[in-house]
Amino acid sequence: MSIARTGDAGLGRLGQGQRVQRRHRVVRKKVVPWLFALPTLAINLVVILGPSISAGYYSLTEWSGVGAAEFVGLDNYRRLFTEDRSFHRAFLNNVIYLIIFLTLPMVMSLVAASLLAPIRRASMVYRIGLFIPYVLPSVITAFIWTSLMDPGRGLGSQLARIGIPWFDQPFLGRSSTALPSIAFIDNWHWWGFLMVLFLAGMQGIPADLYEAARIDGASRWQEFRDVTLPGIRPTIVFMILMTSIGAFLVFDYIWILTQGGPAGASEVLATLVFKAAFNNFEAGYAAAIGLVMSLLAGAIISVFVFLRRRGWEI
Amino acid sequence: MSTHWRTVRRSLAAGLVASAIMASPTLPAIGALGTTAQDEGKAEIELWFDTTGGAETAECIVANVVDPFNEGSDSTVVNATMQANGWQATRTALAGGGGPDIVTTPGPSWAIELANAGQLLPLGAYAEELGWGERFVPWALSLGEVNGELYSLPTEQETMVLYYNKTLFDERGWELPATLDELTALSQEIADAGVIPFAHGNQEWRPANHWYLGEFLNQAAGPQKVHDFLTGAAQLTDPEFVAAVDLLTQYQQNGWFMGGLESYYTTTTDEMHATFGDGGAAMLIEGTWFLSDAPSFFGEEAGNTNEWGWVPVPSASGEPTFDLGIGSTYSINPASANPDAAAEFLDYLFSAEAQGRLLAECASAPAPIDLDDSAMAGIDPRQADIIQQLNAAAEAGNYGYLMWTFFAPKVDSFLTENVERVWAGEMTSQELLAEAQAIHDEEVADGKVPPIPQRGA
């Protein structure tokens, strides 16, 4: 009995020890990670969730940005969707910007990456050369291109002097060309970054896949289509996601180069937010536009998440 | 020297100056004046200020106003900080319950917003004690009132004039215009001669649109009509205003502003001034702030032998009319721990002594206070002439209304942005003005239009 009692006691101690161990394991696995994440979460709560909630509230008010806000319900959204032609135009410009950025830099960077991938000699020089625009501040890039595109003293006028016409036009001063010109400048800064990412993705594709394709008699195009593209699909899809979000949030290049002009031709949602909040004292209305921008970005991310859950390898 | 190379040189110089300032150990002298041992025990107040003249003007203001005040005051020391985009920084700081002791805004309409939100200290008691009512010209001080209480003091009295390249005019024998009809005929004559009539551009400063729009509204429709609109006795959709916008549109579409709309939108401020100085363009409608820049584009410093002159912007009637405006306002933060010290500095800043020095040393437009002729000693006689004629017109109450001072911010912003759509043919003048009138009516209902002084006051 004593043995049994001892045994029971031993089992009890063992059970207690296991429980303690289990508790420690739970704490280690479930609690400790949260403790590590807590500072970041706390910061995010303060600087993201808090302002997001307050922006949501202010979007339902008439507020000048200073002083008290007057609750007006959904009036800002009614005005946004039914009255404000500037909003409609800016939204359309964001869509155009999105289309440009989902095509031009994607194609350019894919082509450049596939051409650079096999190069070994001086490959770093090419890569750095194409990547440098990405690390330039947008103000510098905008200043460079404003000077280059100046119709009177820029590159175009120099070309015109040696008999190459057409380029000496006020691209940023013309309604029909202002937005594409800004997109061109922004793309000049962006596509090198895309190219480097695609290049890194391509270098992760096993060489024997290419070898097998060649043995099967695949052409360069078939290699690209059937080996390279599937190999870097996650990178492509991720960059499509990032580009789409970026196209709806673009502000700096447009503000520096045209401030949305001429005649609203390059106005986008972000410049509209700035003007509403700081020029017109309509911070409540600006919050409504900002929230719509966030919802657009959220919708794009939702599509991405949905496709992943459906089993897409992205 | 060509316009191109001078512009490049100025850009490089600006870059070098900016780099030097960034790297300079003397930056704190501008960024924030440090207190010294002799300042111990004094009340410290913060001043954030912004200038269109950049670092050089900022240094000049500190050297000619802040430093002398700090040396002369027994009780107060001012820490002056140059803030690029100062208005945005100030507004954000105020919303957070902080900000400098002295609050500057871009104009009376902005000060009204802050006053209505309880973010400015009433200044009536200080004005009475320190005699500001007698010092400022009446029309200007009343702009700082909200519901009968004074909240802001106006600085930089501004007007728009027609500058012309005198050398070019003399060479070509062009007559100076007095009426808008004469200005239109002259512009055609200048364009026919292969010269750009007006050196204008808004690439760097999009709101430049309201310089011209405001001038055409006042000079074509007349200041009385603009006054009537601001006080509710007239509508922006009245034919006089529509005709004024149509006339400006005609000037733009004729290519008289910098050779065409596309050039107008891509011309920087330096380029337009250089084109004017070099004689590539004959005239320039701009504010009195151009006076501090003029020596850089005319004469020895600019590498040419040209001279500039000025006349009032021609009006429909031919009677000279100066449109008045205020560059910025000064107020006291209600959260200031030392409001009396802030008032002491404001009293000094708006003294004839300090304003005279700013005018003479920094070529800054003086505040709308009574300055005697001695303040004009040593400044360019053309600048003195503008100030004296402007003061005389203001005293007689015969003045027009610059948009950024007298229009509600939202109306000003709407017109400034959307007049480009009229120039592009996307909307008519009537449509533009009808929408602006609707916004104005809302702003009046919300009490966001500055008090409009009586004409003749």
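Predicted model: local features only at pLDDT ≥ 70, side-chain atom pairs only at ≥ 80, totals over all residues.
Residues are numbered from 1 along each chain as its sequence is written, while chains are lettered from A and ligands numbered from 1 in the order in which they are written.

Staying with chain B, its C-alpha atoms fill a box of roughly 70 × 50 × 40 Å along the principal axes. How much of chain B is buried? Buried residues are 50% of its 457; buried means 20 or more other C-beta atoms within 10 Å of the residue's own, with C-beta atoms placed from the backbone.

Now the largest nonpolar core. A core is a set of buried Ala, Val, Leu, Ile, Met, Phe, Trp, Tyr and Cys residues joined through C-beta atoms within 7 Å. This one has 177 residues, and B:Ile102 and A:Leu269 are among those touching the most other members. Helix H13 of chain A, residues 283-309, gives the largest share, ten residues; a helix here is a DSSP run (H or I, at least four residues), numbered from the N terminus. Another core, of 14 residues, lies apart from it and includes A:Met202 and A:Ile236.

Which residues does B:Ile102 contact, leaving aside neighbours within four places in sequence? They include B:Ile45, B:Tyr330 and B:Phe345, where contact means C-beta atoms, placed from the backbone, within 7 Å.

Definitions and conventions: Buried ≥ 20, exposed ≤ 12 C-beta atoms within 10 Å, placed from the backbone. Helix = DSSP H or I, 4+ residues; strand = E, 2+ residues; numbered from the N terminus. Contact = placed C-beta atoms within 7 Å.
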